[in-house]
Structure formats: structure tokens, C-alpha cells
Amino acid sequence: MQMIRRKLTIKVLAVAAAVAMGAAACGGGDDGSSAGDGDASGSGGDGTDAGPPQYGGELVYALEAESSGGWCLPETQLAISGIQVARSIYDTLTIPDENGDYVPFLAESVEPNEDLTQWTVKVRDGVTFHDGSPLTAEVVKNNIDSWRGEYPGRTPLLLRFAYDNIADVTVVDDSTVTITTKVPWPSLPAALYYTGRVGIMAQAQLDDPDNCDKNLIGTGPFMLDEWVVNDFLTASRNPEYWATDADGNQLPYLDSVTFRPFPEGAARTNALLSGQASALHTSSAIQLETLLAEQDAGAVSLFTSGEYPEVAYGLLNASKPPFDNPLAREAAALAFNREQVNEIINLDMFEIANGPFGPGEIGYLDDTGWPAYDADRARELAEQYAAETGQPLEFTLTVPNTQEIIQTAQLLQEQGEAVGVTINVETVEQAAMISRAIAGDYEAVAFRNHPGGDPDSQYVWWYGGAPTNFGKFNDPEINALLDEGRSTTDEARRKEVYEEINREFAKEFYNLWLNWTEWTIATAPDVNGIAGPSNPDGSAPFAGLAGGHSLAGTWLAG
């Protein structure tokens, strides 16, 4: 599948880590140039052999945004930057592999009964938290109960619904937990990962009434040293980390990692090129074009993946005017010339989306029924809306306060004006925008969500009445399909279910799809192992980057 299209071509790699390097191309360029693979086996970003991994050094990682709400994981709302930090401090019970299957991680095994209503989780032996306390079945139970709102002192806002299907969590012995579900849940192993958002916290953090958001205590490869909001977060090597590389060497290799927020993409790139940072992440085509030129000059190495992508889109609030009216939603969908947006903003690098499921994922369709740009029909619908409601079609589009997204909003504003639709652009900080979406305090908002993996993970975002259904729509057909997709073990039927959901989105225009988002990790040339180490079962790491990536296998060449 062609996931990146541009004049300067780039090969998209999914890289297996450690000794077994397996490069799986998900797209290609005419000139055969490639992104750096960051493989932990010693392959440098330029494809040269950097030798065996070395211990020591500090990685400074330039993030897209600050996570001002902190990391009390049952209660926080993390975007990609927050997940990136969380994956360095905490471990999850399961983790996806290169095929998108969920394999044991902090758990040693996760096994269901015959009807998939009870799951036995064996906790990995000998693991300790950063405060020296042991990982036990009791701590795991307490964490899971905190996600579902059944643990005293913790009040999850969003996770409560995500884990509503869990009926009971029981400690069997010091290393064994059973999870009983209300209906069969084949995707429970995926829910125990939840895009990296549900790392296991130590009991001391879980029970901290005042500083759970700041008192970060996990079992992960790095331990919190200091966090200064909107400046930096520094974490040092966990000397007791349980995981090893493929040769049995203890992870992580780095002495420390420092995360710094740079909301402006150009500032992030400049930080890397000036030596203020040694790594960054970005989903910006404009940044990527600059970084590709720097890669050609040998100044940086790139690891880019279009696999398991998020989708960038306009999220519409279907619970209040104007988008509680289908005429307004369809008019907005037809008013936006997405080809023009992709050409001007994305430099024709990314693929225009036609639904929430990216190419290669369960539920993806070449043709969902999403209509082509039609200015004349958009104008007719806007006039019909005005005639029926007595109000002109006007709405506020809320966007993060970054220059590239503001430029996108201004282009959409011009396109709307051309067909008689008035769009007012409002800018806010990213964390505030997420809070506004949760509260339903918006009309339309620029959003990025729904990374690939098991499609049941989308249940929480789309089920009617769920607090995580930020679009506030309640579609009986989507609800029924989500319920069926959650419980069925028939893979062919599951595929049909999510394809039907895809078509329903195209029919009802709950979201205005723009493009599938591809992430790039850019590093200084001496940074290796960005793809992460192999999983404990020997499988290669997940190829998607929308949920961050592990730094346990990252190392610096001397």
C-alpha cells in the first residue's frame, strides 16, 4: 500500500528489533531511499553497522506537547506525548507485536476459559517497582479495579467505561489474577494495553491522595527524577529492570532520558538540528520534508511508519447545533476540498482518509461511500439548513495552537466561505482542547485518534452515551455492531462488522475525515535502537508509532 506520496520518496519500514531484524515495507519510493531503521542489533540510521549496543548517555526527546495533567493513569487523559513518557516509566500487562497481536509483557501469560468470559493472568515473577516494592497479583488487581472505578480514592472519568465489561477481578494467589467479564471478550488482551495508557502503577502511587499525578512509580525502564511542567521531565535508568535484550543483556542501555515539550514543529526540528535534543517525533509533512533533506545531508536519521495509522479529522459535536442536524454535517463534509488541504498542508505526502480504519486494518474499505468534494451541493445543503432552521450555517472550529494546524483551519475557513458556510477558528492549548472535547464544550474540533490495532478498542470512542464518545452521537446501528464485534469470535464476521461501521460513518458524517496520520521519529546520527527491543516472547515490536514507542532498547554510539 502506498502510504506516503511525495516528490522526494521515502520507504516506510516496520523494523524488528534485537538480533532478528525483519524490515517489512508498507510503501515505497521510486528512488529506493529509506528511513533509518533504528534497529537494536546495531544497524545505524544510515544503514551502516554501528556495532553492538553500548551502555550510557542521555537521550533528550523533543515532544509534541506537555501532559500538564500528569500521569495518575486511571484518571489522566494522555495524547501521544504523554503515552511516550508513560511507556518509559511504566509497563503494561500486554503489548502488541509486529502483527498487531497482543502478547504477554508484564504478565507472564494471559489465558481465557472456553467461552472467553474468564481470563487468568499470571504476573511475571521477580519484578519490582521503582520504590522497591514487589509486583504482585494484589497490586495488579488494584490497578485494574482503579481503571473501572472500583478502587477507593481513584475516580476514573474515561477509563471507567472502557472497562465496564469487567464484572470482577479476583486474586487467586500471589502471582495470579482472574478477570471475569460480563460478555465474552476476545479482545481483553488488547484492553490490557489500551494504546500504552494503562501501565501498572505501584501501590504507593495508586494510594497517593495528593500527588498521584506527579509521584510516578512504575516498573518501567526509567525512574522519575524531576518534572518541571512545560520545561522538562527527566528519568534515570532503572538498575533493577526486569527485561533483557535478545543476548540476555539487561535493559535499558541509556543512563537517562529527558523529555522536553516543543509544541511548534519548527522549534522541535531546530532543537534537534542545534543539538538541544537528540530525538523528536512528528506527524507534520512540513517537518518531514525538512528532516528528509537533513537526512540526505547525514545530519539526522529517520524512522517512519505509516502502519496502523491514526486518522486526522474534524470531530463534530452531534449533540447541539449546528451538527445535531444531518444537513449541517453533510454540508460541511462536501464543502471541504481535502485534496487541496493535502496538497498545501501535507505536501501530498499522506493518503486522504475515507474512514477511521487505515489500509491493512480490520474494517478498512477502499470505498466506504464517502463523497467527493462538491461545492455546489454543499451550498445547496447550507441554504436548505438555513431555510429549515432560520439560522445560517455557522460554527466554531477549535484547534490546537500550533501554526500548521492553524493554517489548516484557515484553509478550511476559506473553503467554507466559498459555499456560504461561516467557520470561526478558535485556538487553545492541546490539553485544554482534549478537556473541551470530553466536556462537549465545542461545535467542531481538530482531532487525531483511532490508531490501528484491535478494532474493539474503538468501542469506547463510539458507543452512544459513553463519556469517551466525544462526538456525542448515539447511533443504534453502530451500538449494535460494536456489541457484536466485541463478543464474536468469528473473524470473518468481525471483519464484516467493522466494515459496516465504516460505511455508517460515511453515511452519517459524524466525523470529517482528512488524512491518515504517519509518524516519524527523527534522531541524531548516533542514536540507535529506536524501534525498540524484541518482546519477551521473541516477537518483533509493533510497527505503529501512534502510541509512542519503547526507549528500553535505545542506545548511543560512542
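The sections below take the model basis, then the helix pair, then the salt bridges.

## Basis

The model is predicted: local features need pLDDT of at least 70, side-chain atom pairs count only at pLDDT 80 or more, and totals for chains, interfaces and linings use all residues. Residues are numbered from 1 along each chain as its sequence is written, and side-chain values use heavy atoms, without hydrogens and water.

## Helices H6 and H7

H6 (residues 265-274) packs on H7 (residues 285-296) at about 20°, with the axes 10 Å apart; axes are lines fitted to C-alpha atoms over the stretch in contact, and angles run from 0 to 180 degrees between N-to-C directions.

In contact (heavy atoms within 4.5 Å) are Gly265, Arg268, Thr269, Leu272 and Leu273 of H6 with Gln287, Thr290, Leu291 and Glu294 of H7.

## Salt bridges

A salt bridge is a side-chain nitrogen of Lys or Arg within 4 Å of a carboxyl oxygen of Asp or Glu. The count by this rule is 20.

Within H10 (residues 375-389), Arg377 and Glu380 lie three residues apart, about one turn of the helix, and their closest N and O atoms are 3.2 Å apart. In H15 (residues 491-508), Lys507 and Glu504 are also three residues apart, bridged at 3.3 Å, N to O. Lys507 is partly exposed at 49% relative accessible area, whereas Glu504 is buried at 5% (buried is under 20%, exposed over 50%, partly exposed in between; 1.4 Å probe, protein chains only).

Methods
Helix = DSSP H or I, 4+ residues; strand = E, 2+ residues; numbered from the N terminus.
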